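Keep the structure in view as you read.

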Amino acid sequence: MTAPPLRAPELAKQQSGESETFGNPSLLKRYFTPMHILPEEIFLEVIRLYISTETPLRDLITLTWVCRRWKTALEGKADFWSRISTKEGLEYARKALQLAKDVPLDLVYSGQELGMHCESFFKEDFPMEIPFSEFDGWSMSSSLANLRTTPPPNLVLLRLNNTRVTRNYAIPVTLFRGAPAPPSLKNLHIKLIPIVVAQLQLSNLESLTLQGVQTVYTADILQILVNSPKLQVLRLASMENLDGPNTPATRTGLEFIRLPALCDLLLDNVPPSFVHYLLSILDAPSLDTLELTCDDGGQLTSEILTRDTFHLIPVLAAMTMDAKEIVVSLSGYYHYHILAGRLGLGGQMEDPPTNHVSTTVHWMCNHLNNHLRDLPIHLSITDSDPQIDYLDSFSSGLRVTKLTLWSDPFYGPRLEEFIPPLSQPTQSSSYGWILPHLEVIEANLIWGEGNHDFVDLVRNRYSASTVHGEPGSDSEGVVPKRLRELYLSTPQEHPNHCPSPNSAFMRALRGVGNGVDLYWHGAKWIES
């Protein structure tokens, strides 16, 4: 590469002996490397693309050691140093605060790693007149001490996470001596800390996340929503004190709460009465993602979306427009979840499900998008023990093409008991074969020798599809499709240990399935 001509100031420095660089060939070569001849604004943009909000301060400081030019350019870019975490040590925090100058700070405080109380830390090292935009604190009183006093005037994001314990503290915590939150606050995230939210008089929020905050009530949420028309994200989880009015007459008088910017809504383990009430008064035309999980005790989740919520049907339909499949999961003590595109519905039942979940899937197909009826369904059962009727409820009108059976090797249920009913027509099913469209099975139920039930499953389904023809418009639910893929594994104790497959067993599957593709612990099995 041809070096560019020297500019007049550089020639003057060389002639006067003020520059050692141009008198040293090795230094001269280093000076004209691509990074050194970049304009400073392009160089800083390259560094900006390299770093992220998760880049440790020590990595940024290391970059300043490359050369004098890097040091001058990086230390002069104040916003590069605005993300400060005390987990990296007090010296790094002090250095970043010095270089950040007067830009708003994203401050993550952790008294445990720092070894000093929050109040002392702020008084000695982070004066309150220094503007900052985030406080990430632990739930103990010492960590909240500083936020109990005067609110920072430029606070943009307040995140308070109880990361050490799994239960809530019973004593309510009042911030800022009862004064309202600063008008600059746009994002509030509280997890498992009983903050008194009402006194903050929140307005103009852009995101609100509350998890396990039992000092918040329905009126508090409604007041925030009414006063935050630019709200984009609303996430409420494990909020036991939220409920809906018992009768229409007890409503707050609100016809609708319009949130034109709301795009992400999560309601997880929130009382169904509140979920129904909120959805019935919510006008959110830009809503792009909805995650709804209710501890409904047998109440159909779909019912919550049909009473007084028809105005949301077009929005919900748009969420499922790009769906390629429907994923239906059942886990643990009858926790179910249905995902279609960006719409997720779930809940928990006290009794083993029969047609509960499939009815909700049918509702989605009938009320949202007709194309959902033709989508393949992935049915997953993990460490749960429903009756065979649960599988059979998906046999008519729904295309379950993949079945996952996963069980803990020590405490999981005996899901291998589902295999024989899938291997032959059953009188208990009004549709003949259970899950007639099934083509893929994933299971960690292979134990040592034997496993003849899986061989029978593959053989019988292949034979039936060959003799009678695969299910079509004239034989819906009568004849099964042949299995195309089997993903098999053992209920292993150690995830990193993969035992060798039983070759005789795998050959038997391949023989009776007419070339069915076999996978063992994720890798395709090829007979040696």
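Before we start, one definition: a residue is buried if its relative accessible area is under 20%, exposed if that area is over 50%, and partly exposed in between. Also keep in mind that this is a predicted model.

You'll find His521 in the loop between strand S19 (517-520) and strand S20 (523-524). His521 also has a positive phi, about 50°, although it isn't a glycine.

Now look at Asn269, in the loop between strand S9 (264-268) and helix H12. Asn269 isn't a glycine either, yet its phi is positive, at about 55°. Its relative accessibility is 36%, so Asn269 counts as partly exposed.

Next, let's go inside. In soluble globular proteins, nonpolar side chains tend to be buried together. Here, the largest nonpolar core has 110 residues, and those touching the most other members include Leu236, Phe394 and Leu435. Helix H12 (residues 272-281) supplies the largest share of this core, with 6 residues. There's also a second, separate core of 21 residues, with Leu44 and Ile84 among them.

What does Leu435 touch, leaving aside residues up to four places away in sequence? Its partners are Leu379, Leu391, Phe394, Ser395, Val400, Leu403, Leu422 and Arg461.

Helix H11 (residues 218-226) has buried residues too, including Ile221, Leu222 and Leu225. The buried residues of H11 pack against strand S6 (207-211), strand S7 (233-237), strand S8 (257-258) and H12.

Our last stop is a pair of helices. Two packed helices are described by the angle between their axes and the distance between the axes. For helix H4 (residues 40-50) and helix H6 (residues 68-75), the angle is about 75° and the axes are 11 Å apart. That makes H4 roughly perpendicular to H6. On the H4 side, the contact is made by Glu40, Phe43, Leu44 and Ile47, while H6 brings Arg69, Trp70, Ala73 and Leu74. Sorted by class, this contact has 6 nonpolar residues, 2 charged ones and no polar ones.

Which residues of H4 are buried? They are Phe43, Leu44 and Ile47. These three cover an arc of only 95° around the axis, which puts them on the same side of H4. An α-helix has 3.6 residues a turn, so residues three or four places apart point the same way. On the other side of H4, Glu41 and Leu49 are exposed.

How values were computed. Residues are numbered from 1 along each chain as its sequence is written. This is a predicted model: local features need pLDDT of at least 70, side-chain atom pairs count only at pLDDT 80 or more; totals for chains, interfaces and linings use all residues. Side-chain values use heavy atoms; hydrogens and water are left out. A nonpolar core is a set of buried Ala, Val, Leu, Ile, Met, Phe, Trp, Tyr and Cys residues joined through side-chain atoms within 4.5 Å. Buried means under 20% relative accessible area, exposed over 50%, partly exposed in between (1.4 Å probe, protein chains only). Helices (H or I, at least four residues) and strands (E, at least two) are DSSP runs, numbered from the N terminus. Contact means heavy atoms within 4.5 Å. Axes are lines fitted to C-alpha atoms, for helices over the stretch in contact, and angles run from 0 to 180 degrees between N-to-C directions. Angles under 35 degrees count as roughly parallel, over 145 as roughly antiparallel, 65 to 115 as roughly perpendicular and the rest as oblique. Ala, Val, Leu, Ile, Met, Phe, Trp, Tyr, Cys and Pro count as nonpolar, Asp, Glu, Lys and Arg as charged, and the others, Gly among them, as polar. The arc is that of the directions from the helix axis to the C-beta atoms.
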